[in-house]
Amino acid sequence: NKIHQTQKKRRGTFTDIPEEQVKIQSDFFGKEIFGRKAPYDEDAINDLKEIKSNDSIVDPISLAELKEALKKAKNRKSLGGNNIPIELYKQLDDENLEHVLQILNRNK
């Protein structure tokens, strides 16, 4: 599996050609971000290699995977962005963990 990324060219069309993507990114960061046009290395573009995608990272998380991750998680650590301590998740039964899985997997 190839990772296909498309980027929009200035004239409004899209490209998935790596050389054109690098040029678009270079122009954007050079001009839009840093306020100047930045050069890019043609040799680096020619050395680009295809990156295989790891399909398993886009698979939904299973109940067994969640339980294993919770088992490995250390107690008494800083709260995450939701202010829920890990110890609370560890106390949930399978039915409630399924609700957590629905939240975790909603964008997969």
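**Lys72 and Glu68 sit four residues apart in helix α3, a separation of about one helical turn.** This is a predicted model, in which local features need pLDDT of at least 70 and side-chain atom pairs count only at pLDDT 80 or more, while totals for chains, interfaces and linings use all residues. Residues are numbered from 1 along each chain as its sequence is written, and side-chain values use heavy atoms, leaving out hydrogens and water. The side chains of Lys72 and Glu68 form a salt bridge, with 3.9 Å from N to O. Here a salt bridge means a side-chain nitrogen of Lys or Arg within 4 Å of a carboxyl oxygen of Asp or Glu; by this rule the count is three. Lys72 is exposed, at 63% relative accessibility, whereas Glu68 is partly exposed at 36%. For these words, buried is under 20% relative accessible area, exposed is over 50%, and partly exposed is in between (1.4 Å probe, protein chains only).

**Glu68, Lys71 and Lys72 join in a network of salt bridges.** Look next at Lys71, whose side chain meets that of Glu68 at 3.8 Å, N to O. Lys71 and Glu68 are both in helix α3 and three residues apart, about one turn of the helix. Lys71 is exposed, with 62% relative accessibility.

**Lys67 and Asp94 pair up in a salt bridge at 2.9 Å, N to O.** Lys67 belongs to helix α3 (residues 63-72) and Asp94 to helix α5 (residues 94-104), so this pair ties together parts that lie 27 residues apart in sequence. Lys67 is partly exposed, with a relative accessible area of 37%. Asp94 is partly exposed too, at 36%. As background, side chains of opposite charge can pair when their charged atoms come close.

For the chain as a whole, buried residues make up 16% of the 108 residues.

**Glu19, Glu42, Asp43 and Asp47 gather in a patch of negative charge on the surface.** Such patches take residues with over 30% relative accessible area and no salt bridge, joining like charges within 9 Å, and nonpolar side chains (Val, Leu, Ile, Met, Phe, Trp, Tyr) within 5 Å. Asp and Glu count as negative, Lys and Arg as positive, and His and the chain ends are not counted. Glu42 is part of helix α2 (residues 42-46). At 45% relative accessibility, Glu42 is partly exposed.

**Asp59 lies in the loop between α2 and α3.** Asp59 is partly exposed, with a relative accessible area of 43%. In sequence, Asp59 and Asn105 are 46 residues apart; in space, their C-alpha atoms are 8.6 Å apart.

Along the sequence, the pattern reads β-β-α-α-α-α-α. Helices (H or I, at least four residues) and strands (E, at least two) are DSSP runs, numbered from the N terminus.

Methods
Areas by Shrake-Rupley, 256 points an atom, 1.4 Å probe, with all protein chains shown as cover. Charge placed at Lys NZ, Arg CZ, Asp CG, Glu CD.
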